[in-house]
Amino acid sequence: RKKNRSTTIIRTTSESNQTTAMTAGGCNTLFTITYSRNCDGGYQEFATAAQCVRSVFPDSTIIANRIDAYPIKLKITAEISGSGEVAIWSGDQRDLFLKYRRRRKCTMRKITSQLRDAQMAIMGI
């Protein structure tokens with residue numbers, strides 16, 4: 001059973017008043033996952049992207065930025081202390097739908113790979 005090590009951050013934007021966030025303490029890297037509301041809220045795709053981020057950066061802070069826009073896109077950015085905001089991955093949110101299993105797994109591998117590349121860059125390797 002995992003312990004929750006910190007509090008929740010809630011951020012609202014001018015594009016959407018309905019945003020949520022998940023956090024974990026002790027990391028200088030802040031990730032923002034911007035996703036489209038879609039017809040069902042889009043939380044499932046956000047959770048999948050957050051799972052990918054947590055697999056590489058377990059103690060990072062993740063902010064959910066839910067927008068009401070079409071076409072539905074998902075974008076992961078990292079705000080690294082001293083480097084500013086860096087785009088990690090951006091793509092079609094439909095690629096993370098559970099009903100497209102093969103496409104979803106492939107996209108998750110791509111996101112994780114991009115996150116590992118970012119991790120190497122942060123560590124200076």
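**Figure 1. Threonine 48 in helix H1.** Buried means under 20% relative accessible area. Threonine 48 has 3% relative accessibility, so this residue counts as buried. The model shown here and in the other views is predicted. Beyond its neighbours within four places in sequence, threonine 48 is in contact with Leu96, Arg104 and Met108. Arg104 and Met108 are also among the buried residues of helix H2.

**Figure 2. The largest nonpolar core, with 23 residues.** Phe31, Ile33, Leu74, Ile76, Ile88 and Leu115 touch the most other members. At least two residues of this core come from each of strand S2 (29-36), helix H1 (43-56), strand S3 (61-67), strand S4, strand S5 (84-92) and helix H2 (101-123). H1 gives the most, 6 residues. Isoleucine 76 touches Phe31, Thr32, Ile33, Ala49, Val53, Val86, Ala87, Ile88, Trp89 and Ile111, with residues up to four places away in sequence not counted.

**Figure 3. Alanine 78 in strand S4 (residues 73-80).** Alanine 78 is buried, because its relative accessibility is 1%. Not counting residues up to four places away in sequence, alanine 78 touches Thr29, Leu30, Phe31, Gly84, Glu85, Val86 and Ile88. Threonine 61 lies 17 residues from alanine 78 along the chain, and their C-alpha atoms are separated by 9.6 Å.

**Figure 4. Helix H2 and its buried residues.** At 1.5 Å a residue, the 23 residues of H2 should span 33 Å. The end C-alpha atoms are 33 Å apart, which agrees. Arg104, Thr107, Met108, Ile111, Thr112, Leu115 and Ala118 are the buried residues of H2. Their cover includes S2, H1, S4 and S5. Glycine 124 follows H2 and has a positive phi, near 80°.

**Figure 5. Aspartate 68 and arginine 37 in a salt bridge.** The N to O distance is 3.6 Å. This pair links distant parts of the chain, 31 residues apart. Aspartate 68 sits in the loop between S3 and S4, arginine 37 in the loop between S2 and H1. Aspartate 68 is exposed, with a relative accessible area of 56%. Arginine 37 is partly exposed, at 34%.

**Figure 6. Two further salt bridges, aspartate 92 with arginine 94 and arginine 103 with aspartate 95.** The closest N and O atoms of aspartate 92 and arginine 94 are 3.1 Å apart. Aspartate 92 is buried, with a relative accessible area of 18%, whereas arginine 94 is partly exposed, at 35%. Arginine 103 and aspartate 95 meet at 3.3 Å, N to O. Arginine 103 counts as partly exposed at 38% relative accessibility. Aspartate 95 counts as buried at 18%. The count of salt bridges comes to 3.

Technical notes
Residues numbered from 1 in each chain as written. Predicted model: local features only at pLDDT ≥ 70, side-chain atom pairs only at ≥ 80, totals over all residues. Heavy atoms only, no water. Helix = DSSP H or I, 4+ residues; strand = E, 2+ residues; numbered from the N terminus. Buried < 20%, exposed > 50% of the residue type's maximum accessible area, 1.4 Å probe, protein only. Contact = heavy atoms within 4.5 Å. Core = buried A, V, L, I, M, F, W, Y, C linked by side-chain atoms within 4.5 Å. Expected span 1.5 Å × (residues − 1). Salt bridge = Lys/Arg side-chain N within 4 Å of Asp/Glu carboxyl O.
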